[in-house]
Amino acid sequence: KSLELALAEVKPGARLGDIGAAIQEFAEPLGCSVVEMFVGLFVLFQCLRPYFPLPKRWFPASLRGGWVKEILLGCALFPVVSTLNNLNSNMMPIPSNTLPVSPWEQSLMSNDLVSILFYVAVVSLVAPIWEEMIFRGFLLPSITRYFRVDVAVLLSSLIFALAHFSMERLIPLTFLGMLMCVVYIRSRNILAPIILHSLWNAFAFVELIWKPGAIFTWLLDFVL
């Protein structure tokens, strides 16, 4: 059904946001975020299909090269992203306790081990593939056709941040997007930002629960 709604929006003059809204409106109330991702990937595939075979510069992937070093250098900047996240939250004009609960926190509060493990797998494995294919693999090279590389990096990173609909994380997400862009450009390998993104999501999840007594309290609540 999501696929049918998405394809119905693919027509002359339609915007990408219309396609995403059609999928989200149907799938989100059902909690089918994974469905949204796969349908979105299929729509992207269908839109690119007339241009197959794609030039080699689109979605380059290789196990060779020094891209592992780029990932490690990117990981070294995770504390900077975390600091910017705290700074951005402190700049918000509303108290932090009135901000909407993130999906990460909702997953933890559910005390359902299966749900938590499934959510960790989605955000650490599936979501990075989806987002990097869209924002670094497709959007970044598309923008470079009209702007300089540095401008393209900034614009695609800002769009990446805005796509998360979280003003309290706009600054860190923009910086994170720029980091992914730099890693992608330097490595010329889509696997590099995908893996770096996966590591960041895992880092953010660990950082969320790694507080004095938080893990013990969560385990105690789960057992009881």
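The legends below describe close-up views of aromatic rings in a predicted model.

Residues are numbered from 1 along each chain as its sequence is written, and side-chain values use heavy atoms, with hydrogens and water left out. Local features need pLDDT of at least 70 and side-chain atom pairs count only at pLDDT 80 or more, whereas totals for chains, interfaces and linings use all residues.

**View 1. Phe78 and Trp200 form an edge-to-face pair.** The structure holds four aromatic pairs, where rings of Phe, Tyr and Trp (its six-membered ring) pair if their centres lie within 6.5 Å, with planes under 30 degrees apart counted as stacked, over 60 as edge-to-face and the rest as tilted. In one of them, Phe78 and Trp200 are 5.3 Å apart centre to centre, with 65 degrees between the planes. Phe78 belongs to helix H5 (residues 78-91) and Trp200 to helix H10 (residues 191-209), so the pair ties together parts 122 residues apart in sequence; helices are DSSP runs of H or I with at least four residues, numbered from the N terminus.

**View 2. Phe78 and Phe203 form a tilted pair.** The ring centres of Phe78 and Phe203 are 5.4 Å apart and their planes stand at 40 degrees. This pair links Phe78 in helix H5 with Phe203 in helix H10, 125 residues apart.

**View 3. Ring pairs link Phe78, Trp200 and Phe203 into a cluster.** Phe78 is buried at a relative accessible area of 4%, and Trp200 is buried at 11%, while Phe203 is partly exposed at 30% (buried means under 20% relative accessible area, exposed over 50%, partly exposed in between; 1.4 Å probe, protein chains only).

**View 4. Arg136 lies over the face of Phe160.** Arg136 is placed at 4.5 Å from the ring centre of Phe160, a charge being over a ring if NZ of Lys or CZ of Arg is within 6 Å of the ring centre and within 35 degrees of the ring normal.

Note on methods
Helices (H or I, at least four residues) and strands (E, at least two) are DSSP runs, numbered from the N terminus.
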